[in-house]
Amino acid sequence: MSGKRIAENLELIGSEEDAGSRLDVFLADRIGQTRSQVKRLLADGLIAVNGTAVKAGYRLKPGDRISVSIPEPEPLELEPENLELEVIYQDQDLAVVNKPPGLVVHPGAGNTRHTLVNALLYHITDLSGIGGKLRPGIVHRLDKDTSGLMVIAKNDFVHQNLAAQLKARTVKRHYLALVHGIIKDDKGRIEAPIGRHPVDRKKMAVSEQGRPAVTEFEVLEQVNSKYSLVECRLVTGRTHQIRVHLAAINHPIVGDPEYGRKQGNLGAQRQLLHAYYLGFKHPRGEWVEYKTKLPRDFEQILIKARLS
């Protein structure tokens, strides 16, 4: 058993729906930790199933009792940085921020500077520790070059509550994207499982072996017979989901370096994808929603597309 001081003890019960799920995947969805963090908890003896230590690949059975001990966060070694960050809303429990493009959400191994977390440590006084010392407050993520709204947890109760809402798919996340080509249907629904790319493991791809993924979209504007401005709504939240799904229907996002086209990007320096709307139930009770405008670079490329 780990000698770490315990901040909280959790107990979850496996349901019929959870039967057959890997333990690390189940817990990553339920308690707001990554699979690697779950594996560290397992290695430290802080997770048990029916009172017994198991491995990350353990397959759940209905009625399994999963106990998880969350250790107190280790002292942060990250430096607060006065990076530009728009705080849309803030109270004692959470904050909503407008992440600019080009900003990585959290540090990685050997990289502890110039991230959203560094900016949060400067601009926001309290952050939850459940995500670990490199991810304080981070409940969900945006890609480095995707801009827009994120909710940040300021204590562990709120972090767990928001993570549960994400798991239950009740958080509303709407994005604006400028894509190549004219989408014929005014509205649509893309249902295609997403998994790791079979060759390039840094990328994702539509795959029969992937996890279920659903994106709904609505065409807001057909731009000069060459592009479409679309609103995308996440039903699930897989890595690179909108980018992969739009590319899969042959309408990749303008400027996307991984899933897009080399030509016709109008000088875009990043994928033109912006999380403009965020709605969720505040852990204290009421439904809240926030919106933000297109960032300047997106707006300028959209104007250029209309004139092309």
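User: Why is Arg270 called buried?

Analyst: Its relative accessible area is 3%. Buried means under 20%, exposed over 50% and partly exposed in between, with a 1.4 Å probe and protein chains only, so Arg270 at 3% gets the buried label. One caveat: this is a predicted model, where local features need pLDDT of at least 70 and side-chain atom pairs count only at pLDDT 80 or more, while totals for chains, interfaces and linings use all residues. Residues are numbered from 1 along each chain as its sequence is written, and side-chain values use heavy atoms, with hydrogens and water left out.

User: What makes Asp297 and Arg270 a salt bridge?

Analyst: The term asks for a side-chain nitrogen of Lys or Arg within 4 Å of a carboxyl oxygen of Asp or Glu. Here N to O is 2.8 Å, so the pair qualifies. Asp297 sits in helix α6 (residues 296–307) and Arg270 in the loop between α5 and β13, so parts 27 residues apart in sequence get tied together. Helices are DSSP runs of H or I with at least four residues, strands are E runs of at least two, and both are numbered from the N terminus.

User: Is Asp297 buried or partly exposed?

Analyst: Partly exposed, because its relative accessibility is 28%.

User: What about Arg243 and Asp256, how do you know that they pair up?

Analyst: Their side chains meet at 2.8 Å, N to O. Arg243 is in helix α5 (residues 241–248) and Asp256 in the loop between α5 and β13 (273–281), 13 residues apart. Arg243 has 3% relative accessible area, so it counts as buried, and Asp256 is buried at 3% too.

User: Which partly exposed residues form a salt bridge with 2.9 Å between the closest N and O atoms?

Analyst: Glu79 and Arg113. The pair spans 34 residues, from the loop between β3 (65–71) and β4 (86–90) to the loop between β5 (94–99) and α3 (116–123). Glu79 is at 47% and Arg113 at 36%, so both count as partly exposed.
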